Amino acid sequence: MRIAVCASEGAPYAKSGGLGDVMEALPAALARIEGNEVALFLPYYSKIKSNAAYPTERVAEFRVQLGWRQQYCGVMRLTNRTDGVQVYFLDNEYYFGGRSGAIYGDMDDGERFAYFSRACLDAMAALQYIPDVIQCNDWQTALIPTYLKAVYYGQFPKTRCMYTIHNIEYQGWANASFFDDMLGLPWEYRGTLDMNNSVNVMKGAIETADLVTTVSETYARELMYPYYAHGLDGILASNSWKLTGITNGIDVNTFNPETDKALPAHYNSETFVEGKAKVKAALQEEVGLPVKPDVPLMVMVTRLAGHKGLDLLCYIARRLMWEEDAQLLILGTGEAQYESFFKDLANQFPEQVSAKITFNLGLAARIYAGGDIYLMPSKSEPCGLSQMNAMRYGTVPVVHATGGLKDTVPPADENGEGGLGFTFQSYNADDFYASLKRCLSLYNNNREGFRALQKRGMETDFSWDVPAARYMELFQNMLSW
């Protein structure tokens, strides 16, 4: 099957969050399936263009019609990828190549990614790469299914389109004038993109894509409710027949306690007791905590943002430190109120709390491996990757049962049996505290039960092979319509 994947970011070339991780792993997993030909289309950001590790050759160039204007596009083929995925970067100096800062956040993001969406289809036509399926992601490529139906149907008459929602909070809103000035779509598609007298490109994608997916089964169900859907619940409800959830995987080669170069010691599910003890001791020393092997080390690697459940942790943190002989380690950056809170908490409890307000991938790996308990009390979480990373390294998660957290962390009982971690149902601090106390009790009073829980998490298959097979099943179904 010929599959085109279009996204605004993809590791290792450009990454700002979980989408970048998915776009590194999913195309590779699809390419490992016999008979597939996979191409990944990404913007040619300056950080890619200036990186000698990513050699390219120009294979096509053309003009992209964007409303009344025409903009140049060069197609750069990456020449050193060896896993079966062909990567194409779409080059435009004004939109992508001349900006050295963050890949999002410019005032003209709407124009930039409207250009990119249309350029992806023009690039496929120029390369004579006519895919069986196009898989596109989030608001930045949400115009692809609409353009495919409205403008490019003659060039791609049999191509089907899957649109994947990674985070519905960001929908691609624009003023009503954006439709005429930038998009150049037929008039009859105005209503498809219109929402509250504005343009909403995610709404248009939901309406026009052949299939809509999101990144966990539970999140797909949650999107039927206004609490989670950020205004799109009615649109999704009317298109529920084509909405499904596929829980993401993780890159088990990168997140591997047997080979991770960031770790001071390596281990697997048979040797983790000794291996994790060595990593924990080194981690405690590295972050300035007392080296205490039998004190539970609770850890969190996260963006310091409200929807990550940090308000719950802030509410219980001091009570937890007063009542428990436990340590807490936080790594991340974000909102000033949370950065300040955890710095103050570390100053108040220097023997128990360490707050590393920074971005450090090596330290993150050591935290996943050296921690005993991983905290993830997110208010909402479409899928979440950190809980799977933690379990891969033998760290037991305590999570709010929402979205992908509910799908990947079935609850264990007080003896650590029957699940992979500890969960709480209602989003409130007391329930979070109670679930955490259950986990701490297991650690302190039934170490063998806790270790059995760790081992079970390490041996669970969180690889991309399972979701890739599900994607293929849906692709085959679309082609039979």
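Below is a chat about cores, sheets and helix packing in one predicted model.

Biologist: Before we start, what kind of model is this, and which residues count for local features?
Modeller: The model is predicted, so to speak of local features we need pLDDT of at least 70, side-chain atom pairs count only at pLDDT 80 or more, and totals for chains, interfaces and linings use all residues. Residues are numbered from 1 along each chain as its sequence is written, and side-chain values use heavy atoms, with hydrogens and water left out.

Biologist: Okay, how many residues does the largest nonpolar core have?
Modeller: That core has 101 residues, and F41, M124, L183 and F475 have the most contacts inside it. A nonpolar core here is a set of buried Ala, Val, Leu, Ile, Met, Phe, Trp, Tyr and Cys residues joined through side-chain atoms within 4.5 Å. Buried means under 20% relative accessible area, exposed over 50% and partly exposed in between, with a 1.4 Å probe and protein chains only.

Biologist: What does M124 contact, leaving aside neighbours within four places in sequence?
Modeller: M124 is in contact with A4, C6, F41, Y129, I130, P131, I134 and F156. Contact means heavy atoms within 4.5 Å.

Biologist: And which residues does the second core include?
Modeller: That separate core has 39 residues, and M321, V353, A355 and F424 are included in it.

Biologist: Switching to sheets: what is the strand order in the open sheet of six strands?
Modeller: The order is β15-β14-β13-β16-β17-β18, and the pairing is parallel. β15 (353–356) and β18 (422–424) are the edge strands, each pairing on one side only. From one strand to the next the twist averages 15°. As for terms, two strands pair if DSSP finds at least two bridges between them. Helices (H or I, at least four residues) and strands (E, at least two) are DSSP runs, numbered from the N terminus.

Biologist: How many bridges pair β13 and β16?
Modeller: Two bridges, in the parallel sense, between β13 (residues 297–301) and β16 (residues 373–376). M298 has I373 in β16 as its bridge partner.

Biologist: Which strands does α15 lie across?
Modeller: Helix α15 (residues 361–370) lies across β13, β14 (327–331), β15 and β16, and runs at about 145° to β13. Axes are lines fitted to C-alpha atoms, for helices over the stretch in contact, and angles run from 0 to 180 degrees between N-to-C directions.

Biologist: What about β17, how many of its residues are buried?
Modeller: Five of the five residues in β17 (residues 396–400) are buried. V396, V398 and H400 point one way, while P397 and V399 point the other way.

Biologist: How is β17 joined to β16 and what stands opposite M376?
Modeller: Four bridges join β16 to β17, running parallel, and M376 stands opposite V399. Helix α16 (residues 386–392) makes a right-handed β-α-β unit with β16 and β17. Right-handed means that, with the strands pointing away from the viewer, the path from the first strand over the helix to the second runs clockwise.

Biologist: And β18?
Modeller: β17 and β18 run parallel, joined by three bridges, with V398 opposite F422. Helix α17 (residues 403–408) makes a right-handed β-α-β unit with these two strands.

Biologist: Now β7: which residues point which way?
Modeller: R160, M162 and T164 point one way, and C161, Y163 and I165 the other, all of them buried. β7 covers residues 160–165.

Biologist: What pairs with β7?
Modeller: β6 (residues 133–137) pairs with β7 in the parallel sense over five bridges, and C136 has Y163 as its bridge partner. β11 (residues 211–214) pairs with β7 in the parallel sense over four bridges, with T164 opposite T213.

Biologist: Which helix makes a unit with β6 and β7?
Modeller: Helix α5 (residues 143–150), in a right-handed β-α-β unit. Six of the eight residues in α5 are buried, namely L143, I144, P145, T146, Y147 and L148.

Biologist: Last topic: at what angle do α18 and α19 pack?
Modeller: α18 (residues 429–445) and α19 (residues 447–458) pack at about 115°, with their axes 5 Å apart. C439, L442, Y443 and N445 in α18 meet R447, G449, F450 and L453 in α19. These contact residues divide into five nonpolar, two polar and one charged. Ala, Val, Leu, Ile, Met, Phe, Trp, Tyr, Cys and Pro count as nonpolar, Asp, Glu, Lys and Arg as charged, and the others, Gly among them, as polar.
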